[in-house]
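I opened a new page for this chain today.

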Amino acid sequence: MASFFSRLKQGLNRSSQKINAALTHRTLDDAALNALEDALIGADLGPAVAARVIQDFRRTRFGKDVSTEEIHRVLSQEIARVLAPVATPFTPNVAHKPHVVLVVGVNGVGKTTTIGKMAQWFARKNLTSMLVAGDTFRAAATEQLEIWGQRVGARVISGKQGGDAAGLAFDGIQKAREDGCDLVFIDTAGRLHNKGALMDELTKIIRVMRKIDETAPHSVLLVLDATTGQNALEQVRVFKELVNVSGLVVTKLDGSARGGVVIALAENFGLPVHFVGVGEQADDLQPFSALQFAEGLVAGQIKDEPDQNVGLNEPG
């Protein structure tokens, strides 16, 4: 099976092809820079980042003959510079046991499978998880979570379809305490078309969980589908209004997405990007690397890096 980073490179191929197709001129004249700017915007970097990159080229290399490799290098450096501040590993805090993670996002982005993959990731770090099937409107979500629970050896708290998600969250935290779990991942519904009802539900979940832990949730992770492109920006804005989003997980960077949206998210919100996903298998979710992502996006080349160890924050 191809490595995660090989699959990420393939997933970013659509964007890297757009960028490379624009590099037909050896001289960076107006035509070349305009074509490159259009390609960057077409790759979903967003007009602000694209304009800044082109402005830098215009100031330092306008009218000069440059190699494709040099353009790749400069583009990768600029994109990695934007992404570096948000490439933050997700690190549970040992002061909170369990560390309560509320997972939010619209329907269809992959919240439930992302929870299962994160539980497996941390299981490999010898951290135990409790999974709460809080999307009670979808029977399939509960079934998916139970399958993941069996795979990773995690207990799953579920209830009847259409039941009270807040009550499940409370039970999950309580039972995680009893079992000595390190983490609790709470799945949620994502009916964004009914924003008022979604806000009420999320507010209730948080209010009820604070009856057992007044500091919860300790993290609120928003899962985004990269294939939605610039619409992901609007989803971040809406969920930041609903709940205090602390970090992002970007899924489905599998070839149908324009990966530049990750740069636009970093530029607009500065929220930590903890994980990126490229498929449905457990190993298809990995911590986000700014340099690898930038290299894959620009040149379609990614150098493997050693595994990133994720541990516990000491209290303090």
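**Entry 1: the sheet.** I am working from a predicted model. I traced an open sheet of 8 strands, with mixed pairing. I wrote the order down as β3-β2-β4-β1-β5-β6-β7-β8. Which strands stand at the edges? I found β3 (155-157) and β8 (285-287) there. Each has a single partner strand, so one side of each is left without a neighbour in the sheet. I also noted the twist, which averages 25° from one strand to the next.

**Entry 2: strand pairs.** I reminded myself that strands of a sheet pair through backbone hydrogen bonds, either parallel or antiparallel. Then I went from pair to pair.

- I looked up β5 (residues 219-225) and β6 (residues 247-251), which pair in the parallel sense over 5 bridges. Here V223 stands opposite V249 in β6.
- I moved on to β6 and β7, which also run parallel and are joined by 3 bridges. L248 stands opposite V273 in β7.
- I ended with β7 and β8, which run antiparallel, again with 3 bridges. G277 has L285 in β8 as its bridge partner.

Is β7 mostly covered or uncovered? I counted 5 of its 5 residues as buried, so I mean under 20% relative accessible area.

**Entry 3: K111.** I picked K111, which is found in helix α6. Which side chain of opposite charge is nearest to K111? I found D187, 4.9 Å away. I did find a polar atom of the K111 side chain 3.0 Å from the backbone oxygen of G105. Leaving aside neighbours within four places in sequence, K111 is in contact with several residues, among them V104, T188 and G190.

**Entry 4: the whole chain.** The chain has 12 helices and 8 strands. Of its 316 residues, 54% count as buried. Among contacts with a separation of 6 or more, 79% join residues 24 or more positions apart.

How values were computed:
Residues are numbered from 1 along each chain as its sequence is written. This is a predicted model: local features need pLDDT of at least 70, side-chain atom pairs count only at pLDDT 80 or more; totals for chains, interfaces and linings use all residues. Side-chain values use heavy atoms; hydrogens and water are left out. Two strands pair if DSSP finds at least two bridges between them. Helices (H or I, at least four residues) and strands (E, at least two) are DSSP runs, numbered from the N terminus. Axes are lines fitted to C-alpha atoms, for helices over the stretch in contact, and angles run from 0 to 180 degrees between N-to-C directions. Buried means under 20% relative accessible area, exposed over 50%, partly exposed in between (1.4 Å probe, protein chains only). Lys and Arg count as positive and Asp and Glu as negative; His and the chain ends are not counted. A salt bridge is a side-chain nitrogen of Lys or Arg within 4 Å of a carboxyl oxygen of Asp or Glu. A polar contact is a pair of N or O atoms within 3.5 Å; within protein, one must be able to donate a hydrogen and the other to accept it, and residues adjacent in sequence count only if both atoms are side-chain atoms. Contact means heavy atoms within 4.5 Å.
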